[in-house]
Amino acid sequence: MQGLIFDIKRFTIHDGPGIRTTVFFKGCPLTCVWCHNPESILPQPETINKQIEFDGKTIDRKEIIGRFYTKDELIQEILKDKLFYEESKGGVTFSGGEPLMQDAFLEETMLACRANGIHTTLDTSGYANETVFRKIASLADLILFDIKEIDETQHFHTTGVSNKIILHNLQWLATAGIQTILRVPAIPGYTFNEAYTKTLKKFLQSIKSDTVCEINILPYHAAATHKYMRCDYENKMNDTKTLDKKELVSMKTELEQAGWVVKIGG
C-alpha cells in the first residue's frame, strides 16, 4: 500500500506541541475559496512549471508535485527526527489536503507511529464518513479540527461541500475524550465579521467539552499567492489583504467570554 504525499516539513512548531514533522497528504474533497495549499487539492501527482533565475537568465523547469510512499518509507522519514520529538515533547502531524481521503494508508502509518512511541496529531476538516473519522481519530493523540462556515449553504458556497457530516463528526469528537484544538480561519468577506463570530459562538456553546481544550483563530494571509501562480490556478482571494493580529482581538474576546481558551495563530 502507498500514500500520496506532496510535502514533508521538519522542525515545525505550529502544528501541535513541541518540535514536529508535518506530513502533507495530497488530495482534498473541499475546494475552499481561500485555500492556502492549492497544490494539495488534486488527488494525483501533477506537473507544474517552475521558473529559476540563474546568471541573469530565466530557466523553465518542470516539477512534479506529489510522491508515493510506502508506510515503511514514510516512517523512516519520520523517525529521522525522533530525538527532537523526545526532547521537545513533539511528534508527527498528518495534514494536507485532507489525510482522511487516504484513510487505509493513514491508519497503517499512525499505528506504526504509536508502535515507535511517537506522538501523533491529525489536522483535518472532518469531512469523512463517521466510520472512517472515528477509526482514525481514535488513533490520534491530538486532533486539529478546522471549522470553516457554520451555515450549511454558506459552507457549500465557500468550500464546495455540505458541512453536515463535519459538524456531526465534531459533535461526536467533543464526547470521545480525544484532546482537540479547534481551528477557525478568519477570512475577510467570509468568516471575519461580527455576525459570523456570534454564529460560531452559539454553535460552540452546544459542544462544550473538557477535551476541546483550545480555539485557534487563523488570520488570513496571502502567502499562497505564488503557489497559485506556479500551479496556474485562479486565485479568488487575489486582492484580499493579510489580516493583522490586532484586527482579531474583538473576535478573540467574544469567544473568550463564552469560556474558551482562545489564541490568535496556531
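**Two helices and two side chains**

Modeller: This is a predicted model. In H7, Tyr196, Thr197, Lys198, Leu200, Lys201 and Leu204 meet Met251, Glu254 and Leu255 of H9.

Colleague: What kinds of residues make up the contact of H7 with H9?

Modeller: Five are nonpolar, one is polar and three are charged.

Colleague: At what angle do H7 and H9 pack, and how far apart are their axes?

Modeller: Helix H7, residues 194-205, packs against helix H9, residues 249-256, at about 25°, and the axes are 10 Å apart. Angles under 35 degrees count as roughly parallel, so H7 is roughly parallel to H9.

Colleague: Is the crossing of H7 and H9 left-handed or right-handed?

Modeller: H7 passes H9 in a right-handed crossing.

Colleague: Changing topic. Where is aspartate 15?

Modeller: Aspartate 15 sits in the loop that runs between strand E1 (2-12) and strand E2 (20-25).

Colleague: Why does aspartate 15 count as buried?

Modeller: Because its relative accessibility is 15%, and buried means under 20%.

Colleague: Which residues is aspartate 15 in contact with, leaving aside neighbours within four places in sequence?

Modeller: Arg20, Thr22, Thr93, Thr121, Leu144 and Arg183. With threonine 22, the side chains are joined by a polar contact of 2.8 Å.

Colleague: And histidine 226, where is that?

Modeller: Histidine 226 is in helix H8, residues 225-231. Its relative accessible area is 41%, so histidine 226 is partly exposed.

Colleague: What does the side chain of histidine 226 reach?

Modeller: The backbone oxygen of alanine 223, at 3.0 Å.

Terms used
Residues are numbered from 1 along each chain as its sequence is written. This is a predicted model: local features need pLDDT of at least 70, side-chain atom pairs count only at pLDDT 80 or more; totals for chains, interfaces and linings use all residues. Side-chain values use heavy atoms; hydrogens and water are left out. Helices (H or I, at least four residues) and strands (E, at least two) are DSSP runs, numbered from the N terminus. Buried means under 20% relative accessible area, exposed over 50%, partly exposed in between (1.4 Å probe, protein chains only). A polar contact is a pair of N or O atoms within 3.5 Å; within protein, one must be able to donate a hydrogen and the other to accept it, and residues adjacent in sequence count only if both atoms are side-chain atoms. Axes are lines fitted to C-alpha atoms, for helices over the stretch in contact, and angles run from 0 to 180 degrees between N-to-C directions. Angles under 35 degrees count as roughly parallel, over 145 as roughly antiparallel, 65 to 115 as roughly perpendicular and the rest as oblique. A crossing is left-handed if the near helix is turned anticlockwise from the far one by less than a right angle, and right-handed if clockwise. Contact means heavy atoms within 4.5 Å. Ala, Val, Leu, Ile, Met, Phe, Trp, Tyr, Cys and Pro count as nonpolar, Asp, Glu, Lys and Arg as charged, and the others, Gly among them, as polar.
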